[in-house]
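Look at the model below and follow the chain with its numbering at hand. The walk goes from aromatic rings to loops, and then to helix packing.

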Amino acid sequence: MIEVFKIIVTSATFFVWFVRYDNIKKEFKDYNFPSWLRDLVGILEISFSLMIHSINKDIVIIGSLGIFTLMTGAVLTHFRMKNRFTKYLASTAMLTIACLIFLFTI
């Protein structure tokens, strides 16, 4: 089951940062975040999502903690902006899955 979670995280990450990149640009602009932060978050999220597929347990742990951290920031940002829950359902799901990956890896 953990492998399915890893595939979900990586697929969702690539979908958001490649297919829906225009939406990401709009969100970061609407929240008054700088473009360098958007690009840094994208690079980190893509890197962390690839790390969770490593055969090295320590790298999987780092990747899952990285995704957990980024998704915590996303959820808090959506909450702070008073967005509808449906707007941050995906980041909440990713946060939960990253936590499960971490827990099943340690």
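The structure holds 6 aromatic pairs. Rings of Phe, Tyr and Trp (its six-membered ring) pair if their centres lie within 6.5 Å; planes under 30 degrees apart count as stacked, over 60 as edge-to-face and the rest as tilted. Take Phe-85 and Tyr-88. Their ring centres are 5.2 Å apart and their planes stand at 80°, so this pair is edge-to-face. Phe-85 is partly exposed, because its relative accessibility is 45%. Tyr-88 has a relative accessible area of 10%, so Tyr-88 is buried. Here buried means under 20% relative accessible area, exposed over 50%, and partly exposed in between (1.4 Å probe, protein chains only). One aromatic cluster is formed by Trp-17, Tyr-21, Phe-28, Tyr-31 and Phe-33.

All of this is read from a predicted model, in which local features need pLDDT of at least 70 and side-chain atom pairs count only at pLDDT 80 or more, while totals for chains, interfaces and linings use all residues. Residues are numbered from 1 along each chain as its sequence is written, and side-chain values use heavy atoms, with hydrogens and water left out.

Now turn to the loops. Most residues other than glycine have a negative phi. Asn-32 has a positive phi, near 60°. Asn-32 sits in the loop between helix H2 (21–30) and helix H3 (35–51). Helices (H or I, at least four residues) and strands (E, at least two) are DSSP runs, numbered from the N terminus. With a relative accessible area of 68%, Asn-32 is exposed. Lys-82 also has a phi near 60°, a positive value in a residue other than glycine. Its loop lies between helix H4 (57–80) and H5. Lys-82 counts as exposed, at 73% relative accessibility.

The axes of H2 and H3 come within 10 Å and cross at roughly 135°. Axes are lines fitted to C-alpha atoms, for helices over the stretch in contact, and angles run from 0 to 180 degrees between N-to-C directions. That angle makes H2 oblique to H3. Angles under 35 degrees count as roughly parallel, over 145 as roughly antiparallel, 65 to 115 as roughly perpendicular and the rest as oblique. The crossing of H2 and H3 is right-handed. A crossing is left-handed if the near helix is turned anticlockwise from the far one by less than a right angle, and right-handed if clockwise. H2 brings Tyr-21, Ile-24, Lys-25 and Phe-28 to the contact, and H3 brings Leu-37, Arg-38, Asp-39 and Val-41. Contact means heavy atoms within 4.5 Å.

How do H1 and H5 pack? Helix H1 (residues 2–19) and helix H5 (residues 89–105) meet at an angle of about 140°, with their axes 10 Å apart. H1 and H5 are therefore oblique to each other. H1 passes H5 in a left-handed crossing. On H1, the contact is made by Ile-2, Phe-5, Lys-6, Ile-8, Val-9, Ala-12 and Thr-13; on H5, by Met-94, Ile-97, Leu-100, Ile-101 and Phe-104.

Finish at Thr-13, in helix H1. Is Thr-13 buried or exposed? Thr-13 counts as buried, at 0% relative accessibility. Leaving aside neighbours within four places in sequence, Thr-13 is in contact with Glu-45, Ile-46, Ser-49 and Met-94.
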